[in-house]
Amino acid sequence: MSFKSRPAVFATKLWYSADGDTLDTELSNWLAGVKPTDEDDFAPPIASCKAIIAPHAGYSYSGPAAAWAYKSISTAGISRVFILGPSHAFYLGGCALSKCETYETPLGNLTLDREVIEELYKTKRFEYLQPRRDQGEHSIEMHLPYVYKVFEESIDNIKIVPVMVGAIDQEQEEEYGKILAPYLERDDTLFVISSDFCHWGHSHYGYTFYYPETIPSDVPGVHLRRSGPRPAPSRPIHASISDLDHEAMDILAQQPASTAHTNFVAYLERTHNTICGRHPIGVLMGALSALEEKGKQARMKWVRYEQSNRCVSFDDWSVSYASAFVTFL
């Protein structure tokens with residue numbers, strides 16, 4: 001059973017422009033702002049790009065950072081895009097699929113791959129989203145304009161497979177990864193993984209983890225409180241947040257992917273870093289691990305990191321944005 005279309009619910013001032021011309025100009029400018037970097041050996045587009053990780057906040061915050069992931073995509077031969085996003089608005093104990101035939105954007109509509117969606121549903125490991133829940137989540141919608149823009153020259157041949165990922169454990173991430181691995185392996189398929197990184201601030205997010213010293217260090221992290229401990233003047237909070245996020249990024253880039261996945265879960269258990277797309281990332285790692293068993297080696301490269309605000313005091317808050325691409329070696 002399918003419903004005709006999901007509207008662009010979050011095309012508002014708070015998230016991104018509802019005006020197609022304005023939005024197109026913004027996306028074009030952000031993509032044009034991505035330049036090759038000699039020091040990181042980054043020369044987009046990446047011919048063998050199979051997946052990206054990119055943020056999903058309002059475009060005024062994360063749009064420029066997301067451009068670095070989308071500029072990495074080589075569109076040649078791609079006809080299907082999976083978009084894996086976390087569920088913020090309601091509890092989900094597994095993974096869920098859309099009933100819609102199209103997803104609307106201010107740039108134009110994207111067609112869902114109903115054939116693949118039905119294949120996934122027949123595994124009995126996925127449920128269908130009710131329309132109100134499909135429309136109530138932003139983590140997938142925030143990627144739709146970028147997908148449309150990057151593939152605009154071949155948009156009539158592009159179909160998408162949105163997958164909402166719930167609060168699942170490592171074993172489930174591996175299970176869903178094995179189901180999705182054959183699709184990731186296909187030459188005509190790209191995966192988009194939707195995730196912001198650290199959400200820091202006691203009033204906004206209830207998270208105040210702080211590394212007193214630059215890592216690696218034997219000094220353990222602490223949680224800042226108004227009554228103490230407090231940040232050292234020589235060690236601003238935003239520097240600790242950067243260390244915290246880059247620790248996760250470095251772990252995820254480890255090889256093999258199975259080791260990276262296990263280490264990432266252990267890192268989250270230790271730091272409780274508020275990486276909202278940790279489970280979609282985990283499903284990607286599960287898929288890469290399954291393909292490793294078939295002899296396919298993957299490489300993840302991080303190409304951009306930004307923070308919405310440079311926190312220096314206990315009352316500050318920020319969200320981090322990181323972009324990466326994945327290739328097979």
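I started at proline 216, which is found in the loop between β11 (209-210) and β12 (222-223). Helices (H or I, at least four residues) and strands (E, at least two) are DSSP runs, numbered from the N terminus. The peptide bond from isoleucine 215 to proline 216 is cis, with omega near 5 degrees.

The model is predicted, so I noted that local features need pLDDT of at least 70 and side-chain atom pairs count only at pLDDT 80 or more, while totals for chains, interfaces and linings use all residues. Residues are numbered from 1 along each chain as its sequence is written, and side-chain values use heavy atoms, with hydrogens and water left out.

**Other backbone entries.** I looked up proline 45, in the loop between α1 and β2. Most residues other than glycine have a negative phi, and most peptide bonds are trans. I then checked lysine 124, in the loop between α3 and β7 (126-128). Lysine 124 is not a glycine, yet its phi is positive, about 70 degrees. Its relative accessibility is 73%, so it counts as exposed. The cut-offs are under 20% relative accessible area for buried, over 50% for exposed, and partly exposed in between (1.4 Å probe, protein chains only). Histidine 272 sits in the loop between α8 (257-271) and α9. Histidine 272 also has a positive phi, about 55 degrees, although it is not a glycine. With a relative accessible area of 52%, histidine 272 is exposed.

**Helix α2.** How many of the 12 residues of α2 are buried? I found nine, so α2 is largely enclosed by the rest of the structure. Among them are Tyr59, Ser62, Trp68 and Tyr70. The buried residues of α2 pack against several elements, including α1 (20-32), β2 (49-54) and α5 (144-150). The end C-alpha atoms of α2 (residues 59-70) are only 14 Å apart, short of the 16 Å that a straight helix would reach at 1.5 Å a residue. The expected span is 1.5 Å times one less than the number of residues.

**α1 with α2.** Two packed helices are described by the angle between their axes and the distance between the axes. I noted an angle of about 55 degrees for α1 and α2, with axes 8 Å apart. That makes α1 oblique to α2. Axes are lines fitted to C-alpha atoms, for helices over the stretch in contact, and angles run from 0 to 180 degrees between N-to-C directions. Under 35 degrees counts as roughly parallel, over 145 as roughly antiparallel, 65 to 115 as roughly perpendicular, and the rest as oblique. The contact (heavy atoms within 4.5 Å) is made by Leu23, Leu27, Trp30 and Leu31 of α1 and Tyr59, Gly63, Pro64, Ala67 and Tyr70 of α2.

**α3 with α6.** I looked up helix α3 (residues 114-121) and helix α6 (residues 170-185), which pack at about 155 degrees with their axes 11 Å apart. That makes α3 roughly antiparallel to α6. Val116, Glu119 and Leu120 in α3 meet Ile179, Leu180 and Tyr183 in α6.

**Helix α9.** I ended with α9 (residues 278-292), whose 15 residues reach 21 Å from first C-alpha to last, close to the 21 Å expected at 1.5 Å a residue. In α9, 14 of the 15 residues are buried, and the helix is mostly covered.
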